[in-house]
Amino acid sequence: ARALTPQTAETDAIRFLVGTQSLRYDNQIHIIDFDDENNIINKNVLLHQVGEIWHISTSPADKGVLATCYNKTSDSKVMTCAAVWRMPKELESGSHESPDDSSSNTQTLELLCHLDNTAHGNMACVMWEPMGDGKKIISLADNNILLWDLQESSAKAVLSSSAVLEGKGQLKFTSGRWSPHHNCTQIATANDTTVRGWDTRSMRQIYCIENAHGQLVRDLDFNPNKQYYLASCGDDCKVKFWDTRNVTEPVKTLEEHSHWVWNVRYNHSHDQLILTGSSDSRVILSNMVSISSEPFGHMVDDDELSDQEDQHQEEKIKEPLQDSVIATYEEHEDSVYAVEWSSADPWLFASLSYDGRLVINRVPRALKYHILL
């Protein structure tokens, strides 16, 4: 397995979706519900009969709707296609009931529409407009950016605009992220060693970080609380943080992994918390507080302090807090291809390795209270 996503529209139950990659039989989407109080994982399985799943993303507005990128073999050629699906009604909301006999009760996803990529090439990923009504999605296909409008309750996808990556050689996008800032009018894409920003209204390039990494860029993520801030990671084992207004140098670089870094994710609520997963089989949680939206930590009101404390506090406030690695998780025995924060609980995250192992972890309690108090 390499595809993992939180159920974005679900903000009460802790829920992740995993897509399988099997050559032999029908692939599946596993709906993973984590019951926090009893520490139990419940699982429901949906059949995804069209091919192995390379990417999965969920609608920000509708709990039942998701998109997958999957491999399809036709005329001895392998194509990566994309489609939008609906899960059965009774599985839309987080359920803590696990079916007794899961084998007899496997259900199938309902196909809403295909994102037709016959003219554009292989689909790398599908991104939903972050704050949207679930009607706008962008897919990256080879060197094309395609903006789709989902109409008639998502049963039809109409291509509303597109852009082509121009240049020498066989240009291909590896990944992309839709920025939650600027009224959701910007996306960032990765191809080869380059990171580019695009305006979705004009479909023109607005910035370009050439040689952002020494080797292939694998993943990107935007800081949810600080506009212009973007993280990237890649095959040079590094994670880099950028201010897109000045792309000559990264603001910070993390060099904690010993192999390709496949994923980087900002915590949605506390943007100093950064999660990365790598094919060194490790998941690393970092505290990048110096470039977060609260670089000086929690500010204290003057009225609360006595004079002596006051002086002490002022000295403390002037020093930005130190960045550090909080924890390294080594529960995986294979490449970690995906890490994701829960949409419902900001202190909880999941990681997925190629052997199909899903691990759910939480931010260490001491750090959680340090951030909150």
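A pocket, as I use the word today, is an open set of grid points with protein on both sides within 12 Å along at least five of seven lines. Keep that in mind. The model here is predicted.

Let's start with the largest pocket. How much space lies in it? About 1,500 Å³. Its lining counts 49 residues. Closest to the centre are H55, G176, R177, R265 and E340. Find those five on the structure and you have found the middle of the pocket.

Now, what is the lining made of? By class, 26 residues are nonpolar, 15 are polar and 8 are charged. Several strands each supply at least two lining residues. Among them are β1 (3-6), β5 (53-58), β14 (173-178) and β22 (261-266). β26 is on that list too.

Where does the pocket lie? Domain 1 covers 1-91 + 105-164, and domain 2 covers 166-293 + 319-372. Both give residues to the lining, so the pocket lies between the two domains.

Which sense do we have here? β26 belongs to an open sheet of 3 strands, in the order β26-β27-β28, and the pairing is antiparallel. The edge strands are β26 (336-341) and β28 (358-362), each pairing on one side only. On average, neighbouring strands of this sheet are turned by 20 degrees against each other, direction ignored.

One pairing in detail. Strand β27, residues 348-353, runs antiparallel to β28, and 5 bridges link the two. Take S351 as an example: its bridge partner in β28 is V359.

Technical notes: Residues are numbered from 1 along each chain as its sequence is written. This is a predicted model: local features need pLDDT of at least 70, side-chain atom pairs count only at pLDDT 80 or more; totals for chains, interfaces and linings use all residues. Side-chain values use heavy atoms; hydrogens and water are left out. Two strands pair if DSSP finds at least two bridges between them. Helices (H or I, at least four residues) and strands (E, at least two) are DSSP runs, numbered from the N terminus. Axes are lines fitted to C-alpha atoms, for helices over the stretch in contact, and angles run from 0 to 180 degrees between N-to-C directions. On a 1 Å grid over the protein atoms alone, a cavity is a set of points where a 1.4 Å probe fits but cannot get out, and a pocket is an open set with protein on both sides within 12 Å along at least five of seven lines; lining residues have an atom within 4 Å of a point. Grid points are joined across faces, edges and corners, and a volume is the space filled by probe spheres set on the points. Ala, Val, Leu, Ile, Met, Phe, Trp, Tyr, Cys and Pro count as nonpolar, Asp, Glu, Lys and Arg as charged, and the others, Gly among them, as polar. Domain bounds come from an automatic or database domain assignment.
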